[in-house]
Structure formats: structure tokens, C-alpha cells
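Hi everyone, thanks for making time for this. I'd like to walk you through one model today, so let me put it on the screen.

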Amino acid sequence: MTQANKAVVREYQTAIMAATPGTIADTLSHYMHSDVMWHGAHPFNTQQGPEAVGNSFWEPLRRSFPRLALRPDIFMAGTYQNGDWVCSMGHLTGAFEHDF
């Protein structure tokens, strides 16, 4: 099961990096639960729902960094306490082209 879970996370990463500011909310809705609670650093803070995550974080980020790229460093999966986990850590890189 862990390989299948890793495939879903990779699919999400590919989709979010291919999305445009106008399609981010739909992309997030495909991968996130409708009442997801997303916690980010200030000024993003806590957002509820894929549309709020897209509007507050991803859309401004993609507008400011239109050629944003994901550089994964660590990607692993396993089972812990009867649950499947996937961990992905890396960096988003790009040129700051527009106001955030």
C-alpha cells in the first residue's frame, strides 16, 4: 500500500506544480477533503477548505513565482501505528517576478 500512497502524493505534487492560478482551487479540491484544515505560517495562518488554501497561499505564490519548481529532497513512506504515512520534504524554487 505504501507505494500506491506514494504514487498519489507524486500525482498531487505534479498536478499542483502544473496548475495555474486560475485552476489551483480545482486541483486542490481533487486531492483535499472539502473541510481540510490547513495550517501555515503567518500571514497564511489557518485556512479551511481547498478553495481557501488556493486563494490565500497557492494563487498568490504562483502569480509571484510563475515558474515555480518543486525540488524534492526526501520522499519516503511506511506504516506506523496501523496507519500508512507518506513524507515528502524539499524546496520550492523560482524567480520572484511579481508582487506577492
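Let's start at a strand pair: Y80 stands opposite G83 in β4. Before I go on, a word on the source: this is a predicted model, where local features need pLDDT of at least 70, side-chain atom pairs count only at pLDDT 80 or more, and totals for chains, interfaces and linings use all residues. Residues are numbered from 1 along each chain as its sequence is written, and side-chain values use heavy atoms, with hydrogens and water left out.

Back to the strands. β3 and β4 pair in the antiparallel sense over eleven bridges; two strands pair if DSSP finds at least two bridges between them. Together β3 and β4 make a hairpin with two residues between them, and Q81 in that turn has a positive phi of about 45°. When I say helix or strand, I mean DSSP runs numbered from the N terminus: H or I of at least four residues for helices, E of at least two for strands.

Now to helix α2, residues 24–31. Which residues of α2 are buried? They are I24, A25, T27 and L28, where buried means under 20% relative accessible area, exposed over 50%, and partly exposed in between, with a 1.4 Å probe and protein chains only.

What do the buried residues of α2 pack against? Their partners are α1 (2–18) and α3 (50–64), with contact meaning heavy atoms within 4.5 Å. L28 touches Y12, I16, P50, V53, G54 and W58, not counting residues up to four places away in sequence.

L28 turns up again in the largest nonpolar core, which has 14 residues: L28 and W58 are those with the most contacts inside it. Such a core is a set of buried Ala, Val, Leu, Ile, Met, Phe, Trp, Tyr and Cys residues joined through side-chain atoms within 4.5 Å. α1, α2 and α3 each supply at least two residues of this core, and α3 gives the most, with four.

On to the aromatics. A search of the whole structure finds six aromatic pairs. Rings of Phe, Tyr and Trp (its six-membered ring) pair if their centres lie within 6.5 Å; planes under 30 degrees apart count as stacked, over 60 as edge-to-face and the rest as tilted. The rings of F44 and F57 have centres 5.0 Å apart and planes at 90°, so this pair is edge-to-face. F44 lies in the loop between β1 (37–39) and β2 (46–48) and F57 in helix α3, so the pair ties together parts that are 13 residues apart in sequence.

To finish, a look at Q13, which is found in helix α1. Is Q13 buried or exposed? Its relative accessible area is 12%, so Q13 is buried. Leaving aside neighbours within four places in sequence, Q13 is in contact with L70, F75 and S88.
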